[in-house]
Amino acid sequence: MMEYKDRLYRGQFAADGRRSFCVKFLETDLWIGVDQDSYSPSMKKDALQWVRELRQSMDACIQADPVFRTSLTPYDAAPSAPDAMRHMSAVSHVTGIGPMSAVAGAFAEHVAVRLREKYGCSEVIVENGGDIYADSKSDMDISVFAGESPLSGRVGLHIPASDFPLGICTSSGTVGPSLSFGRADAVMIICKDALLADSYATAFANRIRTVDDLQPVTDQIAAQKDILAAITVKDDRMAMCGQYELRIFNSRSQRG
């Protein structure tokens, strides 16, 4: 499986005039961008602390209930678990797969909300391995990173500012370390809820093994009322659905 090293999203967001920084703790690797006016050098230290605290509290709960980590079907966190874990459980019941499918989105949303609460950010974007919580005051074009596919970085969606905040999450069976039972190069899902988008992306990526699966799976995605838009990619083929306009980019590093 190809490692997720390109971090294509980060180059897109960095070009938009936001102040940005990165935070890493164990498997969590965040790129964080905020509006210029709200930026403070203390944000990086705070974000790292929030990630560390959430990870440590999740680890403690999982140590007491290891099935939460390994379950591939919906599973309820303990009532005393952090809000993020109970949110992960809730979305697992919607998507039909295990709660850990939403863990990357959970960290992205947790840090974004805490930054907005403490610093009053008018814009905040947190990207965590291709899973994004985005709250932007301007329109955004988001391209899809799809590994070795010739469509990687060359197709995406145009999202109007009025629709933010959003979760924009991508799962793959050929890129990165996350568990997938499919062979999709990318399934990008957009929802109002970042954890839901993350879990849905995994669930539908599990169903794509060949190009012949693209349209049937995309039709299944389109039937979900809580999914705003999606792009599915396998080899040199793609399918899409939802309310946002398709964008074609000239190169892997260019946005429309």
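Guide: A helix here is a DSSP run of at least four residues, numbered from the N terminus. With that in hand, take helix α6, residues 194-205: Y200 and F204 both lie in it, four residues apart, about one turn of the helix. Keep in mind that this is a predicted model.

Visitor: Are Y200 and F204 buried or exposed?

Guide: Y200 is buried, and F204 is buried too.

Visitor: How many aromatic pairs are there?

Guide: The count is three aromatic pairs. One of them is F68 with Y75, an edge-to-face pair with 6.4 Å centre to centre and 70° between the planes. Y200 and F204 also form an aromatic pair, a stacked one, at 5.8 Å centre to centre and 25° between the planes.

Visitor: Why is the Y200 and F204 pair called stacked?

Guide: Because planes under 30 degrees apart count as stacked, and the planes of Y200 and F204 are 25° apart.

Visitor: Back to F68 and Y75. Which is buried and which is partly exposed?

Guide: F68 is buried, at 1% relative accessibility. Y75 is partly exposed, with a relative accessible area of 23%.

Visitor: What lies over the face of Y39?

Guide: R19 does, at 4.0 Å from the ring centre.

Visitor: New topic. What is the average pLDDT of the protein chain?

Guide: The average is 90, and 88% of the residues score at least 70. Over residues 1-7 the pLDDT is below 50, and that stretch has 25 contacts in the model beyond near neighbours in sequence. Residues 252-256 also have a pLDDT below 50, with 18 contacts beyond near neighbours in sequence.

Visitor: So what do I do with those stretches?

Guide: Where pLDDT is low, the predicted coordinates should not be read in detail.

Visitor: And the protein chain as a whole? How many helices and strands?

Guide: Its secondary structure comes to seven helices and eleven strands. The chain has 256 residues, and buried residues make up 55% of them. Its accessible surface is about 10,900 Å², with 50% of that belonging to carbon and sulfur atoms.

Visitor: What share of the contacts join residues at least 24 apart?

Guide: The share is 62%, taken among contacts in the protein chain between residues at least 6 apart in sequence.

Visitor: How many salt bridges does the structure hold?

Guide: Ten. One of the salt bridges is between D135 and R116, whose closest N and O atoms are 3.0 Å apart. That pair links distant parts of the chain: D135 is in strand β4 (residues 131-135) and R116 in helix α5 (residues 103-119), 19 residues apart.

Visitor: What about D141 and R247?

Guide: Their side chains meet in a salt bridge, 3.6 Å from N to O. D141 is in strand β5 (residues 140-143) and R247 in strand β11 (residues 245-248), and the pair links distant parts of the chain, 106 residues apart. D141 counts as buried at 8% relative accessibility, while R247 is partly exposed at 23%.

Visitor: Where do K234 and D235 come in?

Guide: The side chains of K234 and D235 meet in a salt bridge too, at 3.8 Å from N to O. K234 is buried, with a relative accessible area of 10%, and D235 counts as partly exposed at 38%.

Visitor: Last topic: single residues. Where is D185?

Guide: D185 is in the loop between β7 (166-171) and β8 (186-191). D185 is buried, with a relative accessible area of 6%. Its C-alpha atom is separated by 9.5 Å from that of L151, 34 residues apart along the chain.

Visitor: And where is A90?

Guide: A90 is in helix α4, residues 83-95. At 43% relative accessibility, A90 counts as partly exposed. The C-alpha atoms of A90 and P74 are separated by 8.2 Å, and the two residues are 16 apart along the chain.

How values were computed: Residues are numbered from 1 along each chain as its sequence is written. This is a predicted model: local features need pLDDT of at least 70, side-chain atom pairs count only at pLDDT 80 or more; totals for chains, interfaces and linings use all residues. Side-chain values use heavy atoms; hydrogens and water are left out. Rings of Phe, Tyr and Trp (its six-membered ring) pair if their centres lie within 6.5 Å; planes under 30 degrees apart count as stacked, over 60 as edge-to-face and the rest as tilted. Buried means under 20% relative accessible area, exposed over 50%, partly exposed in between (1.4 Å probe, protein chains only). Helices (H or I, at least four residues) and strands (E, at least two) are DSSP runs, numbered from the N terminus. A charge sits over a ring if NZ of Lys or CZ of Arg is within 6 Å of the ring centre and within 35 degrees of the ring normal. pLDDT is the predictor's confidence in each residue, from 0 to 100. Contact means heavy atoms within 4.5 Å. Accessible areas come from the Shrake-Rupley method with a 1.4 Å probe; for residues, only the protein chains shown count as cover. A salt bridge is a side-chain nitrogen of Lys or Arg within 4 Å of a carboxyl oxygen of Asp or Glu.
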